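I opened a notebook for this chain and wrote down each thing as I looked it up. The entries follow the order in which I went through them.

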Amino acid sequence: MPEYSSKSERTYLFGPFRLSASKRTLFEGDRVVRLGSKAIEILIALVEHAGELVGKNQLVELAWPDTHVVDANLTVQVAALRRALGEDETANQYIVNSPGRGYRFVAPIRILDEEQPAEDDPAARQAHNLPAQIVRLVGRNDVLEAMKHKLAEGRLVSVVGPPGVGKTSVALRLAESLLPQFKHGVWLVDLASITSPSLIPSALTSALPTEFRSNDVLSGLAAALRYKNMLLVFDNCEHLVDGAAAAITELLRAAPGIRVLTTTREPLRIEGEQVCRLPPLDVPPATTGLGPKDVLGYPAVQLFVERAAAIVNDFELTDANADLAAQICRRLDGNPLAIEMAAARVDTFGVKGLASRIDDRMHLLSESHRGTPARHRTIAAALEWSYQLLSERERYVLRCLGIFAGSFTLDAAVAVVPVAEQGDTASILADLVCKSLLSVDIGADVARFRLLEITRAFALAKLLETSERDELATRLASCLADALRKCAAGPGRVQELQAAIQELDNVRGILNWAFSSPAHARTGVDLTACAVPVWLENGLLTECTGWTTRAIDALEPAEFGGRNEMILKAALGLSVMFTTGMTGLAREALDRSVVLAKALSDREWQLRAQMGLVVFFHRRGDLKSALAATEAVEALTATVEEPLAVAMTNSVKSASLFLHGDHAQALTFAHRAHEYFRTHTDASQIGRWGLNHSVYAQCVIARTYCHQGLLDRTVRASIAAHSEAEASGNPTSICQALSWCGASLFLFLEQFEQAATAIARLQEVAHDNDLQSYYYSGVGFEGRMLSLTGDMEGGERLLRRALSWLSEARYENLYVPFLGHLAELLASDGRSDEAILASTESLERTRACEMYWWLPEALRTHADVLASSDGPHPRSAEDYLRDAIELAQRQGALAYELRAATRLAQLLDLDGRRKEATSLLHGTMSKLTEGFSSTLFRRARAVLDGLNE
């Protein structure tokens, strides 16, 4: 066995650590790293022979002299060392294993000679009774610094938090770091096993190295500590709050050199107390596609990885499981005890299996956690511990709160929890907050309370045991329905409906309960109808589709033809239109809602559904029906007598006129609509009408400017529309702006950098919110951009992918232009026959749908394709270009006229008619009043200059 004692007077430096061989102490900075005697001896042996393999038998003999132990003891000690050194995927590696042989210390070290420890050296004195903390404390550095600061300013700090959040671990780590500052030591007084306040003095005398004689134990102890400089750590005070408060008050009053640190689930409420509420660990956001580097910056995931690695030797975070680990940590609310318990089951279920089980959080309440006090062996035990300390009324209120699936207001709790004489609900909620069983967020105007998921699961289990769930669920459903109705009808509808998203967790919880039994289905139908405006206003269209479908299926025969069916059908039609497409289901739902609204004489809902149909026809490319539906909306608006409805009507009418090629009229109505919304920024739109008509009107303005050749104004109007949509935060509005006047117009102007940004944002928002029609629009726009920038293969692939989906979705308004773009691509690739088929189809469908806004471009595209073909055609490319120019002139679509005129001038020049070509192109270009730096103008100028040579 190697001789280690010859080097025992040295200090070894590695990483942030300092190992004193003579003091048998490891420091991290100024903090003493608490290691047991076995672990410190093993570490010294490895460091003194850094780089060398130290055999397992040698280490066992050193740590357990003259004692026979199994190899597992050494494995455990080395694992403890690694944790203490902070070894994980983000840290440097210090100790490596040579399987079956031993261990090697591999980190670079520096060696310093040291003197023998002085008598007053805190590390030599070991004046404490703190247990060794061999597990690295994750994510608490800021909290520790804040607590240290509080304790420096005052004499009493209470670490307050819910079960499992790590109060004891934080307090012990802080106490360790403060050892050098207290001449007479740091002493832990654990009150967990104390059942009566009268036994607190006995616990103190057992913990402290102080002798005294007195009939009054507490007074005698206080007198003995009068001139001492100590830190006392009172752990687990919650069940003896009054007794602990009295004892601590007396000690602090009698001994000015004493400071006290407590852990408790509610503050002691005594003079001088500073409360440090310990929050859960930070967790990654609910974003898909997270990799190891993305999630390892969050303490909750760091803890999960370290604990899993301690159980599974080869465990590591990978691209395959990083997102799942983040999901687990989120679902456990960053609660350290819950995360440790979950990580301990990775060896049984794997990360994927654990993630699939994590939704059933109830099973975690029964998982054992060995090696901890009995009250913490399960989370259920920790919660039961707190639960049994409550009064009967407090236990009842806590059980009732289990019915809330999300956060809730004080008013909601008071409305849901039945009144009793034993105490009012509001004061009990305040007590539960103090006892750390309930958290409260006071960052907003209205405070919102919340049970952690684990606490809620516990409370709900208690609720089910007492068969009280149905009554409370019914009360909560009624409370939510009333609140949501007020949001939709109030003066500040937009803000209130956006804020009401906070209630959706509770809505989901009640709907799951209601639709699980026919007996409660009626409650679910009513609540779904009330929640419709919230889903629409916040762009939660997939969720809206799902719940309205379930509610419609649950309608009883007597409810058919009623108000609920009318609302549900309108919401279903709008949601399906933007997610799945212009399907028969969307059309049927909107038609049915219009019929029901007429029968019920509900003009407002009739207007909502009718406007939905107009937008449906716009997207479907059925512009004849769109104009007819717009006229119906106008007639209905006249009977509603609401300025907002008039503005909405102007918005949809401007779109109908634009799509039908009447650009001047379209711009007039769009400006009227926009002017109203500009001066009425709080006007509710989406929640009531299914669409942000302010953004819709601005899109029409931008598109019309573009068609009219006002290209500088086009860019400004597009940016304004994007900005308002982004500011709204509504996904549908954002996609609407990006599709209508972002990606499409920037591509038309060949501003590829801006187009790429708009396309990427469109795809991102559409994908994240399952807006499939907008997502595949983004795919088509990307294909168009690739073809324009020379990537024909990539462009064709994406265009065909988009066309396939858009065809199924009946999204004719985009399908037809994309088909024309594909025709241009095929023609430029020399595939004339395919190109002619595509351009012919695009032109025919444009005419059939009366999509006059696109017809000049469809004619120009077909002419380009014909010009690129060598074969004979009934009409020449020149004829189609002249038709395009004539139509564009009638519409006032100067940009389309310029594109067609530029192409026709090139053909005329090739035919030897240069003078005619020059006159044509010059005449068109002279009409332009702006946009002279645009690619469109510069290309025309280059052709004209060539003609003049």
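Entry 1, a threonine. I looked up Thr 579 and found a relative accessible area of 4%, so Thr 579 is buried, the cut-off being under 20%. The model I am reading is a predicted one. Thr 579 lies in helix 25, which covers residues 563-579. I then listed what touches Thr 579, leaving aside neighbours within four places in sequence. The contacts include Leu 541, Thr 542 and Thr 545, and also Asp 770, Leu 771, Gln 772, Ser 773 and Trp 805.

I noted 44 helices and 16 strands. Of the 949 residues in the chain, 57% are buried. I took the contacts between residues at least 6 apart in sequence and found that 69% of them join residues at least 24 apart. The chain exposes about 39,200 Å², and carbon and sulfur atoms supply 50% of that area.

I picked helix 28, residues 623-640, which has 18 residues. From first C-alpha to last, helix 28 reaches 25 Å, close to the 26 Å expected at 1.5 Å a residue. Which residues of helix 28 are buried? I wrote down Leu 623, Ala 626, Ala 629, Thr 630, Val 633, Leu 636 and Thr 637. Seen down the axis of helix 28, the buried residues fall within an arc of 130 degrees, so they line one face of the helix. An α-helix has 3.6 residues a turn, so residues three or four places apart point the same way. On the other side of helix 28, I found Lys 624, Glu 631, Ala 635 and Ala 638 exposed. The buried residues of helix 28 pack against helix 27 (603-620), helix 29 (643-659) and helix 39 (832-849).

Just after helix 28, I found Glu 641 with a positive phi of about 55 degrees. Ser 601, a residue other than glycine, has a positive phi near 55 degrees. Ser 601 sits in the loop between helix 26 (584-599) and helix 27, and is exposed, with a relative accessible area of 62%. For Arg 269 I noted a positive phi near 60 degrees, again in a residue other than glycine. Arg 269 is in the loop between strand 12 (258-264) and strand 13 (273-277), and is partly exposed at 49% relative accessible area.

In soluble globular proteins, nonpolar side chains tend to be buried together. The largest nonpolar core here has 237 residues, of which Phe 304 and Leu 401 touch the most other members. Helix 34 (residues 731-748) gives the most to this core, with 11 residues. Apart from this core lies another, of 32 residues, among them Leu 204, Leu 218, Ala 244 and Val 260. I also checked Leu 401, leaving aside neighbours within four places in sequence. Its contacts include Phe 408, Ala 413, Val 417 and Leu 451.

Entry 6, aromatic rings. How many aromatic pairs does the structure hold? I counted 21. Phe 14 and Phe 105 form an edge-to-face pair, 5.0 Å centre to centre with 75 degrees between the planes. This pair links distant parts of the chain, Phe 14 in strand 1 and Phe 105 in strand 7, 91 residues apart. Phe 14 is buried at 1% relative accessibility, and Phe 105 is buried with a relative accessible area of 1%. I also noted one aromatic cluster formed by Phe 658, Tyr 696, Trp 740, Trp 853 and Trp 854.

Notes
Residues are numbered from 1 along each chain as its sequence is written. This is a predicted model: local features need pLDDT of at least 70, side-chain atom pairs count only at pLDDT 80 or more; totals for chains, interfaces and linings use all residues. Side-chain values use heavy atoms; hydrogens and water are left out. Helices (H or I, at least four residues) and strands (E, at least two) are DSSP runs, numbered from the N terminus. Buried means under 20% relative accessible area, exposed over 50%, partly exposed in between (1.4 Å probe, protein chains only). Contact means heavy atoms within 4.5 Å. Accessible areas come from the Shrake-Rupley method with a 1.4 Å probe; for residues, only the protein chains shown count as cover. The expected span of a helix is 1.5 Å times one less than its number of residues. The arc is that of the directions from the helix axis to the C-beta atoms. A nonpolar core is a set of buried Ala, Val, Leu, Ile, Met, Phe, Trp, Tyr and Cys residues joined through side-chain atoms within 4.5 Å. Rings of Phe, Tyr and Trp (its six-membered ring) pair if their centres lie within 6.5 Å; planes under 30 degrees apart count as stacked, over 60 as edge-to-face and the rest as tilted.
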